Amino acid sequence: MNTRTVTVAVSAIGELRKAYERIIRGAKRLEIELTIAGFRPKWETKRELAKRRVTTVLDDDNKAVDQSTSVFTMEVVDVDLDVPEVGATGGAWRVAATIGRVYGEAANGENDVYSRDQELITRFRSAALECEHCRCNRRRVRTIVCREVATGRLKQVGVECGVFYVGDTEKEVRGLEFQELVHVLISPFEDEVMAFEKEGRASAGRAAEAFDAVEAVAFVLKVMEEDGGYSPSKTKPQNEWEEPQPNPNATWRTVLRRMQWNSRPKEPSEEVRARAALNPWDEQDPVLREALRNKVEMAREDIENWQAAVKEWEAKQPTAEQRAKAVEILTWLAGAEAGTEPDDFMANLKAVFEPGWVSSKRLAFGACVAATYERAMRKAAEAANPPTAPAPEGRVGVEGEIIALKWVESDFGAVHKMTVRLASRAKVYCSVPTEIHSPRVGDTIRFKATFTRSDRDPFFAFGKVPNLWDGEEKKPKRRAKAAVVAQEGVML
Ligand SMILES: [Zn+2]
C-alpha cells in the first residue's frame, strides 16, 4: 500500500472523499481490501495560501485607466490517501499503456491510448497496432505497451503475447486502469490548488478575498463605535426574550460587507470636467447656446453627484484615529505572548494577522483582536492599580460600574449575569437584579446581595439574591411601624 499526500482546498474535502469512495470500489474489483480509513485529512496542516491579483480597469477604448491589487486566499489541507500498489507483480516488465483501435468516422484514424504517461499517449496515438513479439501481422483491436523495469525499454505486443512479458495480462491491464482511475479522480484536486498558486484563480467559492490587516481592524473599530458592541459571530438572539448579544448590527459580517462595498466612486472624466467649465454665454448663436447650456448643466450635475458619492464613501471609511488605533492594536499583537498549545487563542490570533492581511473566511476570528486588546489593556491597568480594599463579604449594599454582562444557561433557564467594579476596584459577579430590564456595560448600579469572597482572589466576590438598593439602610423605626400596621389588620 502506498500513501499519497495531496494538498486540496478545504472546501473540496467532501468531493475528494466521494472520489476516494470510488477508488475503494475500483480496488474491490481488483480484490484489494481498501476502506475509508485510508482517507486521512491532516487537519493540523490546514493553512491559507495567498495570491496577489492585479486587476486592470479598461475604459471603452481599452485604455488602462486604473489598476487595483487584491489578495485572494485559499484554505488548503494535506490529505493522506492509501492507494494500493497494483501491477507490481515483481516481474521484469510492466504494462505502460494500452492501445485500442477506434473505429467509425469519429475515430479520425486515431487510437485510444490509456496511460499515465503523456508521452506514450502522444507517441501511440496514430501508431499501427502490431506485435513486436511474434511479428504476426493481423488486424488487431487492442495491443499493450510493456516497459522493461530495468531498462525502460518499450515493446508493443498483442494481448496474447503479453503473457510472456507481464504474466496475467488482463490483471495487469485492470491494474493499469485502476491506477488511471486513481489519477483521474485525484489530480483535479491537486491541479486546482496548483492553478491557484500560479494564477490566483479557483473555482467558485474556493478562493476568499483578503483585506489589509490594518484596514480590517480599523473597520471593526468603526463598526463597534457606530453600532455599539461587537459580537464576533452571533447575529441575532436565540430566543425572543434574549437581548441581542450585544448588537446584531455589529458582527464580522457587517465588517465584511462594509469592506466589500468599499471602492471609491470613480472620478468624472477630463471631458466632463472640461465641459462643466465652459461658459454657455460665450456662444453667440442662441440655439447653440441653449444646446451648450444643457450639456454644461449635465456635466455639472455629474460632478455634483460624484462629490456627494465621495462624501458618502468617506463617511463609511474608518477615521484617522481608528486607523492609528488599528496599527497600535496590531503592534501590540505582534509583540504579545502566546501559548504553545495548538489551539491557543493568542497564537491563533497572531497567526491570523501575521501575513499582514486577513481573509474574509477568518474575519470572524480575526475581528476579536480589538476586544482582546481592550481586555489586555484593562488587565494591565488593573495590575498597575490594584484594589484598595478586599471584595465585600456577607449581605451588604454596594455601588459600582457594570463592566461585563452575559447570559448564562442554567437548569432553570438563562440567567443574566453581570460583573461590577466597585469604587475600591474590587469586583463582584452576580445575577442582574430582576428590577433592571436592560442593563448596559458602563451603567452605574446600586444593589444589595449576599457576597462570598473568592478563594483564589480576595478582591473578587460572588453575589446571591440581588436586589436594587437605594443606598440607605432601612431604619428599624419603619420596620416597627410596619409591624404595628399588620397587627391592626389594615390592608394597604
Ligand atoms: Zn504477438
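Arg425 is not a glycine, yet its phi is positive, about 75°. Because 16 other C-beta atoms lie within 10 Å, Arg425 is partly exposed.

Arg135 is likewise a residue other than glycine with a positive phi, in this case about 55°. Arg135 belongs to the loop between helix H2 (118-124) and strand S6 (142-148). Its 8 C-beta neighbours inside 10 Å place Arg135 in the exposed class. As background, most residues other than glycine have a negative phi.

## Surroundings of Cys430

Strand S12 (residues 427-431) contains Cys430. This residue counts as buried because it has 21 C-beta neighbours inside 10 Å, the cut-off for burial being 20 or more.

Leaving aside residues up to four places away in sequence, Cys430 touches Met418, Ala449, Gly463 and Pro466. Val415 is 15 residues from Cys430 along the chain, and the C-alpha atoms of the two are separated by 10.0 Å.

## Packing of H9 against H12

Helix H9 (residues 320-335) packs with helix H12 (residues 369-384) at an angle of about 75°, and their axes are 10 Å apart. H9 and H12 are therefore roughly perpendicular to each other, since angles from 65 to 115 degrees fall in that class.

On the H9 side, the contact involves Ile329, Trp332 and Leu333, which meet Val369, Ala370 and Tyr373 in H12. The residues of this contact comprise six nonpolar, no polar and no charged.

## Nonpolar cores

The largest nonpolar core has 51 residues, of which Ala216, Val217, Val220, Val255, Val358 and Val369 touch the most other members. Helix H5 (residues 213-227) gives the most to this core, with ten residues. In soluble globular proteins, nonpolar side chains tend to be buried together.

Val369, already named in the contact between H9 and H12, touches Val217, Ile329, Leu333, Leu349 and Phe353 when residues up to four places away in sequence are not counted. A second, separate core holds 18 residues, among them Val95, Ala97, Leu120 and Val145.

## Confidence of the model

The protein chain has a mean pLDDT of 83, with 90% of its residues at 70 or more. Over residues 233-238 the pLDDT stays under 50, and the model has 13 contacts beyond four places in sequence for this stretch. Residues 482-487 also have pLDDT below 50, with one contact in the model beyond near neighbours in sequence. Where pLDDT is low, the predicted coordinates should not be read in detail.

Note on methods. Residues are numbered from 1 along each chain as its sequence is written. This is a predicted model: local features need pLDDT of at least 70, side-chain atom pairs count only at pLDDT 80 or more; totals for chains, interfaces and linings use all residues. pLDDT is the predictor's confidence in each residue, from 0 to 100. Two residues are in contact if their C-beta atoms, placed from the backbone, lie within 7 Å. Axes are lines fitted to C-alpha atoms, for helices over the stretch in contact, and angles run from 0 to 180 degrees between N-to-C directions. Helices (H or I, at least four residues) and strands (E, at least two) are DSSP runs, numbered from the N terminus. Angles under 35 degrees count as roughly parallel, over 145 as roughly antiparallel, 65 to 115 as roughly perpendicular and the rest as oblique. Ala, Val, Leu, Ile, Met, Phe, Trp, Tyr, Cys and Pro count as nonpolar, Asp, Glu, Lys and Arg as charged, and the others, Gly among them, as polar. A nonpolar core is a set of buried Ala, Val, Leu, Ile, Met, Phe, Trp, Tyr and Cys residues joined through C-beta atoms within 7 Å. A residue is buried if 20 or more other C-beta atoms lie within 10 Å of its own, exposed if 12 or fewer, and partly exposed in between; C-beta atoms are placed from the backbone.
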